[in-house]
Amino acid sequence: MAVPQFRTSINEYLEGLPETVLMRLYSSPATCLAIFRLQPPMAHLFIMTMLFNEKPLPISWIDSWVQDSSRLKQHEALEKLRSMHIIHETMDSISLQKTFRNSLRKAITGGDSNNSFGVPCDTEDKHKVDIKFLDEHANAQWELILHYMVGTGSGRVPNNGVLQLLKRSGLMEGHPPAPMRITNAGFQFLLQDVKAQIWTLLLQYLNMSEDLQMDAVEVLHFLFMLGSLELGQDYSLSALSPTQKIMLDDLRDYGLVYQRKSSSRRFYPTRLATTLTSDAPVVLTASASMDSAMARADGESGFVILETNFKVYAFTDSPLQIAVLNLFVHLKSRFANMVTGQITRESVRKALVNGITADQIVTYLTVHAHPQMRKAVPLLPPTVVDQIKLWQLELERMKTVEGYLFSDFKNGHEYDVLANYARELGVLVWENRSKGLFFVTKEGNQQIVDYYKRKIQGLK
Amino acid sequence: MPRAVKGVFVECDPSIKSLVLNIDAKSHNVVIADLDDEHLVIDERQVDNVKRQLDAQLAENTFNPAELENNPEK
């Protein structure tokens, strides 16, 4: 399934919350709408049919709407709704959770009195800002953080809150105010796109806020509210709780909101905030900004020479560049203006184990190739590129799946019934009818056993 | 009544599979079921052990230039 990474992670966080916390979350229409938007399309269909229906919905109806070939999606959608306690189930019917239903109805039909969608300022701002300014502000704030991480900033250091967050999320290590070092996780973080980066930091922020005795429900309400605000509109602080006002200070540091002064009574959401729960792309991509950061630090872009015998010569004295190379090159000697090293199986494996991919290594070497190498076609020696990719394949030689092996069926019919059911659920990993064996995932096992008890034993 | 046995399903090349069978031949507690040329089911407690032994065997078959420099005699 091509679900973007950030969505899965915020969904996972929500699924991990206890039922009581979720019920409090669902009291806000804006939050319900945002959660609705995060669900898969099939779940949208189910929620919408149940939304204005007072009576529970028979499960057989749902079964009849979905084609047999899409049982897997139906199963996934219901599982999602179940794990977030959005639906109530009885033996043969399902209904929407009441709080969730009321809030989502309010979100769609209006009539919300809780101000959960934010309160626009009713007075004119004397220092009004336009969308272009907000975009620039958001980019500047976010890039300040990225530049600080790669150590190419203009010497400006992000606020203490940001530093704490970077440290907590394991992206950097060290003790502020002493200079911090970027970690391997940090390098991977830089290669993600902006939205994934923001969610990574915000989820860490959620974890941290719990330690600071901030109410996770209010934090989430605020984040989801931001996702439904309008870009370019100013909003009043009056509807925010004290916790949310504290949050506003932190979010300002990340560039998610803009305030002219910290004492200002109004705030503007930036594009980083308003696209949080939508599919719309964010303006800048992180790898582009990292590339520009690297290019600027070096003055000229290329400095790496890679030879067919896997030897690497890098004309640089920047500690950052050398640190990056050290991730996947076995460095041997260091001179005043260059380092030499060799790409070996061990050095590449070390990088792969740390989660860096072969493609990332090849891209890095291509982007930073020395002008001298640009004469060659193809740019990088094919032997080396192929070998790096082969080393990656080597690590994936064994594909393993935990689960259960089913055997000893009474007859072919029994095998067919169970194997078909497992296939519909999408839990079937491997089957061989003539041997009378099939393998299902760990998650699917219980359902197969239940099904067996219902269908086959029930017939007797 | 069908039987369900807990285990870890492994998909790999025939060459890797034969190495796994080799490991099993020593202790007989690894492989639960030999499905076909590229698939088998192994004991979940042995997965890490098998991966380690496989790595070691494959490392023996590779040329390591760094090692060569340290011991030129070899």
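The pLDDT is the predictor's confidence in each residue, from 0 to 100. You are looking at a predicted model, in which local features need pLDDT of at least 70 and side-chain atom pairs count only at pLDDT 80 or more, while totals for chains, interfaces and linings use all residues. Residues are numbered from 1 along each chain as its sequence is written, chains are lettered from A and ligands numbered from 1 in the order in which they are written, and side-chain values use heavy atoms, leaving out hydrogens and water.

Chain A has an average pLDDT of 81, and 88% of its residues score at least 70.

| Stretch of chain A | pLDDT | Contacts in the model |
|---|---|---|
| residues 1–6 | under 50 | 7, beyond four places in sequence |
| residues 283–300 | below 50 | 30, beyond near neighbours in sequence |

Where pLDDT is low, the predicted coordinates should not be read in detail.

Now find S236(A), in strand β6 (residues 235–236) of chain A; strands are DSSP runs of E with at least two residues, and helices are runs of H or I with at least four, numbered from the N terminus. Is S236(A) buried or exposed? With a relative accessible area of 15%, S236(A) is buried, as buried means under 20%, exposed over 50% and partly exposed in between (1.4 Å probe, protein chains only). Beyond four places in sequence, S236(A) touches V119(A), P120(A), C121(A), R265(A) and F267(A).

By contrast, W65(A), in helix α5 (residues 59–65) of chain A, is partly exposed because its relative accessibility is 38%.

Note on methods
Contact means heavy atoms within 4.5 Å.
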